[in-house]
Amino acid sequence: MTARIVDTVYSAATDRYAKATFRRTGDSGLDLPSFSFGLWQKFGADYAYETQREIILHAFDLGITHFDNADRYGPPHRAAQINFGRVLAEDLGRYRDEIVLSTKAGNPIGESPYLKGGSRKALLGSLDHSLRDLGTDYVDIFYHHRPDASTPLEETASALVSAVEQGKALYVGVSNYQPDRAHEIAQLLRTAGVPLLIHQPRYSIYDRSIERNGLLQLAQDDGFGLIVYSPLAQGLLTGKYLEAIPDDARAVNSSFLSSANITDEYRQRTAELNKLAESRGQSLAQLALQWVLRQPTVSSALIGASSTWQLDHNVAAIDFPDLTDDELAIIDEHGVHGTGLNL
Ligand SMILES: NC(=O)c1ccc[n+]([C@@H]2O[C@H](COP(=O)([O-])OP(=O)(O)OC[C@H]3O[C@@H](n4cnc5c(N)ncnc54)[C@H](OP(=O)(O)O)[C@@H]3O)[C@@H](O)[C@H]2O)c1
């Protein structure tokens, strides 16, 4: 790695594409890196900006060209985009055309009816605000963050189409949609000439929902890609909680994971998965990432990280041999849906 983070001027690693791998997104022409980086946790106003900057630039140096954000990420809401916008302005701006930048809207960020849902008002207002926070003229992917049954799907689809027609987004996506609604909006968008690029669901060894509800198959049939979030189940699919709960871990400092998730049953199953990973000469985190990427319709594994070490460690998952049928069977035995999660 030949990157240099100097006081003011950042130069990206010249070898950043040497090891990076890319995967096609559905039937589109867009390739995404096997690992995309999300700024949901630890990129708000409550963590040091310099650490955030170091992690973001390190990700780019590793060939992670896709950064996932949302108006909601913080705390407070919008802070993660303001921080990323600063990195873009001060360091990454000259690489903008090598970066796929995503934002999302519609997950509540306030009490106003215009700060949530799936209306044109909420989605297009949020997008304008996000563009200002990010300091960019366009995002590459604009998502409806979560379904809103109270808004006609036609209106939500038309807002996504407008974002593209106005030149504020290149592609559109949805997140957390059940397959029936995803299929419906995919049809509406196709008819409008703006095909659904991608769906962002949760998927990991401990959350098999998209295998069970048919979304994996639907993605293939409808021609959209899947970018799967929390592939490490927020860190549960690493060895970090096997003995004790580290002070700096998400289970201590986030409202989305807590010590209540670390049950005896969780530890027992995770220890078995950890043994399997060790027998392959890798870590559980690496095994868990390989496991989601074994699905051809998964375009990218959307990871988080609180250190550059985690990033280096996790992207190395790509270097290990494919999981065998016997190993997949062991993962199915111990990787029970719902383990450690509040499903
Ligand atoms: N669309 C949606 O509704 C939605 C919802 C959730 C997330 N997302 C997206 O998905 C992205 C990733 O989600 P996520 O952060 O939950 O993904 P994840 O990859 O499952 O978990 C990442 C966290 O696990 C821990 N970790 C990572 N690698 C590790 C390692 N090698 N050893 C030990 N611990 C390790 C770190 O937390 P600590 O070090 O802090 O413990 C890290 O922040 C988000 O940033 C966001 O962009 C989208």
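A residue is called buried when its relative accessible area is under 20% and exposed when that area is over 50%. The model discussed here is predicted.

**Aromatic rings**

The count of aromatic pairs comes to nine. Tyr-10 and Tyr-95 form one of them, an edge-to-face pair with 6.1 Å from centre to centre and 75 degrees between the planes. Because Tyr-10 belongs to strand S2 (residues 10-11), while Tyr-95 is found in the loop between helix H2 (79-92) and strand S7 (100-105), the pair ties together parts that are 85 residues apart in sequence.

A further pair is made by Phe-67 and Phe-84, whose ring centres are 5.2 Å apart and whose planes stand at 45 degrees, so this pair is tilted. Here, too, distant parts of the chain are linked, since Phe-67 lies in strand S6 (residues 66-68) and Phe-84 in helix H2, 17 residues apart. Phe-67 has 0% relative accessibility and therefore counts as buried, and Phe-84, at 0% relative accessibility, likewise counts as buried. Ring pairs also join Phe-37, Phe-43, Phe-67 and Phe-84 into a cluster.

Charged side chains meet rings as well: the charged end of Arg-96 sits over the ring of Tyr-138, at 4.0 Å from its centre, and Arg-294 lies over the face of Trp-291, 4.1 Å from the ring centre.

**Around the ligand**

The ligand is surrounded by 33 residues, of which the closest are Lys-42, Asp-68, Lys-240, Arg-250 and Ser-306. The residues of this shell divide into 14 nonpolar, 14 polar and five charged. Polar contacts with the ligand include those in the table.

| Residue | Atom of the residue | Atom of the ligand | Distance |
|---|---|---|---|
| Ser-175 | polar side-chain atom | nitrogen | 2.8 Å |
| Ala-233 | backbone N or O atom | oxygen | 3.3 Å |
| Gln-234 | backbone N or O atom | oxygen | 3.0 Å |

Taken alone, the ligand exposes 920 Å², and the protein buries 94% of that area. The elements that give two or more residues to the shell around the ligand are strand S12 (298-303) and helix H11 (308-315), and H11 gives the most, with four residues.

Technical notes: Residues are numbered from 1 along each chain as its sequence is written. This is a predicted model: local features need pLDDT of at least 70, side-chain atom pairs count only at pLDDT 80 or more; totals for chains, interfaces and linings use all residues. Side-chain values use heavy atoms; hydrogens and water are left out. A residue is near a molecule or strand if one of its heavy atoms lies within 4 Å of it. A polar contact is a pair of N or O atoms within 3.5 Å; within protein, one must be able to donate a hydrogen and the other to accept it, and residues adjacent in sequence count only if both atoms are side-chain atoms. Accessible areas come from the Shrake-Rupley method with a 1.4 Å probe; for residues, only the protein chains shown count as cover. Ala, Val, Leu, Ile, Met, Phe, Trp, Tyr, Cys and Pro count as nonpolar, Asp, Glu, Lys and Arg as charged, and the others, Gly among them, as polar. Rings of Phe, Tyr and Trp (its six-membered ring) pair if their centres lie within 6.5 Å; planes under 30 degrees apart count as stacked, over 60 as edge-to-face and the rest as tilted. Buried means under 20% relative accessible area, exposed over 50%, partly exposed in between (1.4 Å probe, protein chains only). A charge sits over a ring if NZ of Lys or CZ of Arg is within 6 Å of the ring centre and within 35 degrees of the ring normal.
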